[in-house]
Amino acid sequence: MSEPSLTSLEITTQPVCWRRAAEAAASAAGLPRPGERVAVTGCGTSWFMAQAYAALREASGQGETDAFPASEFPVSRTYDRLVVITRSGTTTEVLDLIAEVRERWEVLAVTADAASPVVRAADEAAVLAWADEESVVQTRFATTALAFLRAGLELTGRLPEGVKRLAEAAADAETAVIEPLPRAVLSAEQWTFLGGGWAYGLAQEAALKMREAAGAWTESYPAMEYRHGPVSITGPGRAAWILGAAPEGLEADVSRTGGVLVSDGGRLDPMADLIRAQRLAVAVAESRGLNPDAPKGLTRSVILNG
């Protein structure tokens, strides 16, 4: 039996990482304060975590919160604080953005490397070094960064109705790292990931993990948008996966296509359910003879010349 991939091993450490993130948030400087107008940014996986946090913060009533990819940030807008998520702390678009807005807004960087340029560029930095990864494909750093920001919301206000506290999410994550994946989803030829509210960003990330690690054909949409066109891609041998509770009637809609719906009925926290999607990405990659630790065309950080 071959050794498990680095990605697989890193996936299993997420419950511990999330609990450490909660501890770190309790004494962290620079977290958004209630009432501030906040923007959150990153690239790739970090942008999807930014989307999830922005939706969760705004739904918590703690202030208007927007999320943008760093390369498409509307710098003419006005914010009180910019939160940047960057594992390496070296991503060109992120550093360029900070340089452009630093004199106008407070900047908090969430990163894994205390020696990275983003730490020097930001006003405050949360260094989650224990969540750094050897693998190119992000899993535990991304969710730990979100856990850190999510814990900050718990410290300063109430979460939206139906959203679990981070301690409960970490307990769900312990289930997600060991629970068997459905056979039908392992053998599918196409996957569509869905999520409502803050879980939409997680659905985007689930789809990205499948593309990165397994070169898979995946799509992602807000859950209620699925019936406005995307349902047409689902059929026999294809799967729709909902992170969080499924909208009423969705299971019947998928069933009519002949496809498979993966839904736990909202049993797991959506962030924990993302772990199952990460595990699926590794399993599909390995079934195709691919190495999830060395995805085609990817590097740990995008650093542009000039």
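Predicted model: local features only at pLDDT ≥ 70, side-chain atom pairs only at ≥ 80, totals over all residues.
Proline 15 belongs to helix α2, which covers residues 14-26. With a relative accessible area of 5%, proline 15 is buried, because buried means under 20% relative accessible area. In sequence, alanine 170 is 155 residues away from proline 15, yet in space the two are 4.9 Å apart, C-alpha to C-alpha. Leaving aside residues up to four places away in sequence, proline 15 touches Ala170, Ala173, Glu174 and Val177.

The aromatic rings come next. A search of the whole structure gives 6 aromatic pairs. One of them joins phenylalanine 73 and tyrosine 79 in an edge-to-face arrangement, with 6.1 Å centre to centre and 65° between the planes. Phenylalanine 73 is buried at a relative accessible area of 8%, and tyrosine 79 is buried as well, at 3% relative accessibility.

Another aromatic pair, formed by phenylalanine 193 and tryptophan 241, is tilted, with 5.7 Å centre to centre and 40° between the planes. This pair links distant parts of the chain: phenylalanine 193 is in strand β6 (residues 190-195) and tryptophan 241 is in strand β8 (residues 238-243), 48 residues apart. Phenylalanine 193 and tryptophan 241 are both buried.

Ring pairs join Tyr79 with Phe68, Phe73 and Trp105 in a cluster.

Methods
Residues numbered from 1 in each chain as written. Heavy atoms only, no water. Helix = DSSP H or I, 4+ residues; strand = E, 2+ residues; numbered from the N terminus. Buried < 20%, exposed > 50% of the residue type's maximum accessible area, 1.4 Å probe, protein only. Contact = heavy atoms within 4.5 Å. Phe/Tyr/Trp six-rings, centres within 6.5 Å; stacked < 30°, edge-to-face > 60°.
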